[in-house]
Amino acid sequence: MTNRWKEIQPSDEYKIQLNGQLNHHDREILTFLYQPLVGPDAVSLYNLLWMEVDKNQLESAGYSHGSLMSMLSFSIDEVFQARMRLEGMGLLKTYRHGSADKKSYLYQLQPPLSARLFFEDPMLSVFLYKQIGSAQFQRLKKVFSVPFESLENYTDITRSFQDVFESDMKLSPVKSETPEKNTTVLYRAENEGVPADFQGFDFQLLLAGLSEALVPRKALTYEVKQMVVKLSVLYGLTETDMKNPILSALNEEDQIDVHELRKACRDVFQLRNKGTLPSIKAKAQESTAQEPVTEMNTEDSLLHYLKTASPVKVLSDASKGVDPTRSELELIETLLYEKKLPQEVVNVLLQFVLLRTNMKLTKGFAEQIANHWVRSGIQTAEEAMEEAKKEYKSYMTWKKSGGQQPSKKGKTIRKEKLPDWFTSKSDSEEDEADPEFLKERERYLKERKMKKRMAGDE
């Protein structure tokens, strides 16, 4: 396991704060519903932190992590791993104070979701179902279900406050007292659930593929957007994949039914995965400062960017942060939905077209290349990059053999810009034998190095 001594040391102090009072029912929900997802170590840490806060209080005294390790029989790394699982599940918020030499922590325990909200959450309910199986899942639902008579056949005859009480105007006014600083009345807080990471989902790209005539923008409420993000994470669906489920969940009132949206996304996943459901697993954790870190080389980092960024972001980055125009969004939609090119291939295509057209996104030229790549069966960024290099070399050969404006050949070559992946160390031997290509590469590398030096990066 990863050494966390730089992140937390046994001598570091911590305090516990409760975000509202917890009760026995919360402990049952933690044990039966959350423990299969976060593991017994995380629940043990939660319970111990909870017990260290005195009854009818919301905050504890200060303790050292060394005492926490002794009480749980955990290593410092196991404490850190359990803490992260609680944080990721929305059960704990961590705050740090002080410098690297002397730091302290405040752990704020969040109450678990109620059983009803837990089973209604699209991510938590599916992960629990996958983790414990259908029989145990249904048994737990029965454990937290109680008989509840419907009120359909009853008439509400409850009287209002004004029907029962009135203000006595003769009473003298009483000045309200200001509560003491850093104090609060005991309260019962509500868990906000697993937060939706809106930064990881490109709604602009999604909307580019949804006609407003079919899906009114008002239908994408905050609640719907939260559900879209959670379902995207749960089932591994991209912005492109979410288009059809949203259309199928739209009802006659031009509203998106979140229950139908959940069902549609589940159907898409199960169709692709032979009827199975996704399971939850912890991500590989990052290395700490004292451990040797193997950084990605330039080609690896560029490839990662092209594979993970949305076409809208690639185009925005190429325009120094300026958002794409409507016509540019329509072109991206065409490449993704009509040409059915993978997102990473579209990213390479956009960079290549910008390079060849002096940073002008020409629709006709882009579609011409897209048609060629579709016929060639290009499906990955690596394949697209190699194909782009071949097309660029053919273009340079054509110019060298007497293409249009031969007298300006040398000048044109000096003005052309190349994306970083054109300088890949894995270029073919045929490319390396081309003096024009080598000359252009050398010029581009010198220009890039000079820009970095002027910007203070070197």
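Let me start with Ser73, which sits in the loop between H3 and H4. Helices here are DSSP runs of H or I with at least four residues, strands are runs of E with at least two, and both are numbered from the N terminus. Ser73 has a positive phi of about 60°, although it is not a glycine. In general, most residues other than glycine have a negative phi. Is Ser73 buried or exposed? Ser73 is exposed, with a relative accessible area of 64%. Exposed means over 50% relative accessible area, buried means under 20%, and partly exposed is in between, with a 1.4 Å probe and protein chains only.

Lys274 is also not a glycine, and has a positive phi of about 55°. Lys274 lies in the loop between helix H12 (258-272) and helix H13 (298-308). Its relative accessible area is 82%, so Lys274 counts as exposed.

A word on the source. This is a predicted model, in which local features need pLDDT of at least 70 and side-chain atom pairs count only at pLDDT 80 or more, while totals for chains, interfaces and linings use all residues. Residues are numbered from 1 along each chain as its sequence is written, and side-chain values use heavy atoms, with hydrogens and water left out.

Now confidence. pLDDT is the predictor's confidence in each residue, from 0 to 100. The protein chain averages 80, and 76% of the residues score at least 70. Confidence is highest in H2, at a mean of 95, and lowest in helix H19 (residues 409-415), at 44. Over residues 405-415 the pLDDT is below 50, and this stretch has 10 contacts in the model beyond near neighbours in sequence. Contact means heavy atoms within 4.5 Å.

Next, the sheet. The protein chain has 21 helices and 4 strands. An open sheet of 4 strands has the order S2-S1-S4-S3, with mixed pairing. Two strands pair if DSSP finds at least two bridges between them. Which strands are at the edges? They are S2 (63-64) and S3 (92-98), each pairing on one side only. S3 and strand S4 (residues 103-109) run antiparallel and are joined by 7 bridges; Leu92 has Leu109 in S4 as its bridge partner. S1 and S4 run parallel, with 6 bridges, and Ile16 stands opposite Tyr107 in S4. S1 and S2 run antiparallel, with 2 bridges.

In a regular strand the side chains alternate between the two faces of the sheet. On S1, the covered face has Tyr14, Ile16 and Leu18, and the uncovered one has Glu13, Lys15 and Gln17.

Helix H2 (residues 40-51) lies across strand S1 (13-18) and S4. Its buried residues include Ala42, Val43, Leu45 and Trp50. They pack against S1, helix H1 (24-38), helix H3 (65-72), helix H4 (76-88) and S4.

Last, the cores. A nonpolar core is a set of buried Ala, Val, Leu, Ile, Met, Phe, Trp, Tyr and Cys residues joined through side-chain atoms within 4.5 Å. The largest has 73 residues, and Leu33, Tyr34, Val228, Met242, Ile246, Ile256 and Leu261 touch the most other members. Leaving aside neighbours within four places in sequence, Ile246 is in contact with residues including Leu206, Leu210 and Val215. A second, separate core of 34 residues includes Leu355, Ala370, Trp373 and Met385.

Notes. Axes are lines fitted to C-alpha atoms, for helices over the stretch in contact, and angles run from 0 to 180 degrees between N-to-C directions.
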